[in-house]
Amino acid sequence: MKKPFENIVADHAAAVLRVCRTVVGVHDADDAWSETFISAMRAYPDLPEDANVEAWLVTIAHRKAIDVIRTQNRTAVRSGELPETAAPFGHQRTGDDELWVSLRSLPDKQRQAVAYHYLGGLPYVEVASILGGTTEAARRAAADGIKSMRRTFTEMKAKGMSK
Amino acid sequence: MNKETTAEMKISNVLAFTIPSNEVMAWLHDRLESSADERGILDVAYKTIDTPVGSLLLAATKKGLLRVAFQVEGFDEVLELLARKVSQRILKAPKRLDTAAFEIDEYFARTRTRFDLPLDFSLSSGFRQVVQRHLPNIAYGQTTSYQHVAALVGNPRAVRAVGTACAKNPLPIVVPCHRVLRSDGGLGGYAGGLAVKSALLQLENAR
């Protein structure tokens with residue numbers, strides 16, 4: 001039996017926001033999140049009862065994130081740095097900054113693979129079906145992404161910015 | 001465990017534990033409520049309120065107030081039933097319930113003796129709905145019997161069916177099924193429990 005949509009929001013809101021932040025950055029994540037849940041709510045009655053809700057939401061979030069990324073590229077906002085004007089309540093925990101910086105420096109595909117696998121909890125076969133390409137390519141993109149994040153992260157850690 | 005794997009786990013753990021604050025989540029939820037409503041896809045909105053007879057769940061469609069439920073009925077169960085019978089597009093979206101909540105507050109403060117709210121009776125049909133639509137005619141502070149209601153709706157022998165219609169009233173308090181008693185003066189039944197029924201009658205000085 002399918003739950004009221006409110007339960008879907010309660011169960012997945014935070015995870016989807018993390019995915020959005022990872023893919024489009026903190027600045028645009030709120031809009032990507034909102035578009036994702038409006039779109040999901042509209043389609044929810046047609047979702048099969050046995051569907052994997054998390055994978056479904058991450059797939060929608062991916063589409064919305066691509067829209068956002070296109071807009072970002074058009075307006076040349078992306079520069080590998082955190083935007084100066086953060087959305088309300090942007091990011092709160094100190095020590096997160098270097099994480100977002102290292103994420104922003106990843107190529108789109110790697111960042112998406114990291115987001116969908118590690119934050120969305122999707123197995124690589126699902127990540128591959130969202131990103132296109134083989135399961136092995138998705139696995140490699142995520143691994144490369146993590147590796148390169150580790151480099152940036154370790155450098156910052158050396159500077160004493162993180163524990 | 002080699003160095004690579006440890007580092008990988010560390011990064012992904014940090015990512016996973018980057019938990020957005022409650023403040024952000026509440027703000028986003030708020031935004032979802034208004035844009036779902038604007039785009040016409042908020043089929044059922046609900047909120048819970050505290051009253052002297054315990055927490056109440058209020059739910060409304062675009063047409064009007066759809067459901068008032070007592071905590072003993074189980075709010076989760078009530079919402080699941082609404083998802084099945086009305087729509088799965090349900091959000092906790094208090095704004096649509098502001099007027100209803102306000103009037104119920106006034107009722108418990110004894111400054112309101114009749115409700116002035118659009119009602120959505122789509123959870124009942126047939127004879128039950130006929131009976132339920134009739135109940136607001138029983139004035140504040142008055143009581144009547146199941147038998148009398150049966151006669152008034154033109155079916156004097158349907159006393160049991162009137163009892164069922166009262167028991168299945170989707171809008172208790174607002175649709176005052178608590179004002180219907182047994183012919184011998186006994187309380188009869190009540191979805192919120194008999195203690196609540198007599199508390200309401202006492203509030204109205206009906207008994």
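User: Let's start with B:Ile173: buried or exposed?
Analyst: This is a predicted model, where local features need pLDDT of at least 70, side-chain atom pairs count only at pLDDT 80 or more, and totals for chains, interfaces and linings use all residues. Residues are numbered from 1 along each chain as its sequence is written, while chains are lettered from A and ligands numbered from 1 in the order in which they are written. A residue is buried if 20 or more other C-beta atoms lie within 10 Å of its own, exposed if 12 or fewer and partly exposed in between, with C-beta atoms placed from the backbone. B:Ile173 has 22 such neighbours inside 10 Å, so it counts as buried.

User: And what is the phi of B:Ile173?
Analyst: Most residues other than glycine have a negative phi. B:Ile173 is not a glycine, yet its phi is positive, at about 75°.

User: B:Arg110 has a positive phi too. Is B:Arg110 buried or exposed?
Analyst: You'll find B:Arg110 in the loop between helix 4 and helix 5 (126–134) of chain B; helices (H or I, at least four residues) and strands (E, at least two) are DSSP runs numbered from the N terminus. With 11 C-beta neighbours inside 10 Å, B:Arg110 counts as exposed.

User: How many bridges join strand 2 of chain B to strand 3 of chain B?
Analyst: A hairpin of four linking residues connects these two strands, and B:Leu56 stands opposite B:Phe70 in strand 3. Strand 2 (residues 54–60) and strand 3 of chain B run antiparallel, and the number of bridges between them is five.

User: Which element of chain B gives the most to the side that touches chain A?
Analyst: Residues are in contact if their C-beta atoms, placed from the backbone, lie within 7 Å, and on that basis 33 residues of chain B meet 33 residues of chain A. Helix 1 (3–16), helix 2 (22–38), helix 3 (75–85) and strand 4 (90–92) of chain B each supply at least two residues to that side. With 10 residues, the top contributor is helix 2 of chain B.

User: What length does helix 7 of chain A reach?
Analyst: Chain A has seven helices and zero strands. Helix 7 (residues 135–158) has 24 residues, and its buried ones include A:Gly145 and A:Phe153. Expected span is 1.5 Å times one less than the number of residues; here that is 34 Å, and from first C-alpha to last the helix reaches 34 Å.

Conventions
Two residues are in contact if their C-beta atoms, placed from the backbone, lie within 7 Å. Two strands pair if DSSP finds at least two bridges between them.
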